[in-house]
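Here are my notes for a first look at this model. Have the sequence and the 3D view open as you read.

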Amino acid sequence: MADRPSTPPRGGARPQAPMTPEQVRRMEEARLKAKALRTAADAAKPPPALSKTAPASLKRAHSSISSSTVPPTLRDASKITQPSDPTLQPAKKFARDAYIEYDFSKMTDTKGGFLSKEDDPHNRAMRSGRREEEKEEKPAHMTLAEWERHQTIKKLRAARQGPFEPGISVLNLDNSAKDGKDQCRECGSLEIDWKWEEVFGVSVCARCKETIPEKYSLLTKTEAREDYLLTDPELKDEELLPHLSRPNPHKSSFHDMQLFLRFQVEDYAFSPKKWGSPENLDAEFEKRQTVSKARKEKKFNSKLADLKKRTRVEAYKRSKLAAARGEGGREAQFGDKVTRYGERHEHEWGRAVLDPESGMSKKTCVDCGMEIEELEF
């Protein structure tokens, strides 16, 4: 049978062909060229400085391995001779009994490491309230007198008072009289309060506001809620009930005080949208008072029943205590000490009484009746 060629196994390493003489010659030439380049580079380097006291094979000069300039990546602070910032100095080592004097004028308040509104003045989350948000700081180029004058002019312009109050023109008198605008709704005066006209939409003069308080007096939000039984959504609706904001007189950090006009609150409360009439409002107020009183009485009665229950338990314990002592005829009194099972008795001695026969003082236990004699020296 004739031998046929065998197939090499799959995935196995195939034997490499031997190198030709040409390949061997090229590889040797590349090795010799690389060796020549390395020798030329070593010859171009300056020789290292050698120490006078030690051979070159054992020790190198200190100048060859050290440098006067500190690298910027060095993290060891003890090796930094001169810090870049002259204000940064290492902390001194003080003894426990050493007196340390601080110059507070040169110290900086770091706020405990927390961010403050000085660090980020445009961050609203660091402001406590709206009043602080609206507060402005004096510019550096203005003096204190100029800043106060600027603030006064700003307040007058916002309130439309003083030189910023709208003037009364003779040309507009006839038109104002016909339209009824820009006139006091009570006396027809042209000197109305422009702030009220802007906020409440009501034209009224200062004299009528003082003489007719039953209509033009201001109510706080609490008074409108409790006296007229209005809800918070109704009071927050500025189209329904406009309000005037004023700083809180109790504390400046509190929210602004909201003031409502009395006759506007009454008109809405007595309208068919709310209660309908003052009588219906009084009836609703009495109803709520009755419900609140009944709720309080129910809570008081439940607490009283609980107290009676606990009192009965204490009376039962006192009666059992009197029976255990052989005092069957004696009723349990309030204030008697209740001794639990297994509790050790402790004498409670009363006041010392002098015995005329023996001439000695005697004390009696309040609970068990035991008597002892005392001799005073």
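1. E234, a residue we will come back to, sits in helix α10. The protein has 12 helices and 6 strands.

2. Some ground rules before going on. This is a predicted model, where local features need pLDDT of at least 70 and side-chain atom pairs count only at pLDDT 80 or more, while totals for chains, interfaces and linings use all residues. Residues are numbered from 1 along each chain as its sequence is written, and side-chain values use heavy atoms, with hydrogens and water left out.

3. Now the overall picture. Buried means under 20% relative accessible area, exposed over 50%, and partly exposed in between (1.4 Å probe, protein chains only). Of the 377 residues, 14% count as buried. The protein exposes about 32700 Å², and carbon and sulfur atoms supply 53% of that; these areas come from the Shrake-Rupley method with a 1.4 Å probe, and for residues only the protein chains shown count as cover. As for contacts (heavy atoms within 4.5 Å), residues 24 or more positions apart account for 33% of those with a separation of 6 or more.

4. Next, the inside. A nonpolar core is a set of buried Ala, Val, Leu, Ile, Met, Phe, Trp, Tyr and Cys residues joined through side-chain atoms within 4.5 Å. The largest one has 15 residues, and the members touching the most others are C184, W196, F200, V202, V204, Y216 and L261. Both α6 (194-199) and β3 (257-261) supply at least two residues of this core. There is also a second, separate core of 13 residues, with A224, L229, V265 and Y268 among them.

5. What does W196 contact, leaving aside its neighbours within four places in sequence? The list is G201, V202, V204, K209, Y216, L218, L244 and L261. W196 counts as buried, at 6% relative accessibility.

6. On to the aromatic rings. Rings of Phe, Tyr and Trp (its six-membered ring) pair if their centres lie within 6.5 Å; planes under 30 degrees apart count as stacked, over 60 as edge-to-face and the rest as tilted. The structure holds 3 such pairs. One of them is W196 with F200: the ring centres are 5.4 Å apart and the planes stand at 70 degrees, so this pair is edge-to-face. F200 is buried, with a relative accessible area of 6%.

7. Another pair is Y228 with F270, whose ring centres are 6.3 Å apart and whose planes are at 55 degrees, so this one is tilted. Y228 is buried at 8%, whereas F270 is partly exposed at 26%.

8. Then the charges. Side chains of opposite charge can pair when their charged atoms come close. A salt bridge here is a side-chain nitrogen of Lys or Arg within 4 Å of a carboxyl oxygen of Asp or Glu, and the count comes to 12. Back to E234: K274 and E234 meet in a salt bridge (3.0 Å, N to O). K274 is in the loop between α11 and α12, 40 residues away from E234. Is E234 buried or exposed? Buried, with a relative accessible area of 15%. Not counting residues up to four places away in sequence, E234 touches L240, L241, Y268 and K274.

9. R25 bridges to E29, with the closest N and O atoms 2.8 Å apart, and R26 bridges to E22 at 3.5 Å. R26 and E22 are 4 residues apart in helix α1 (residues 21-44), so about one helical turn separates them. R26 is exposed at 57%, while E22 is partly exposed at 36%. Shared partners join E22, R25, R26 and E29 into one network.
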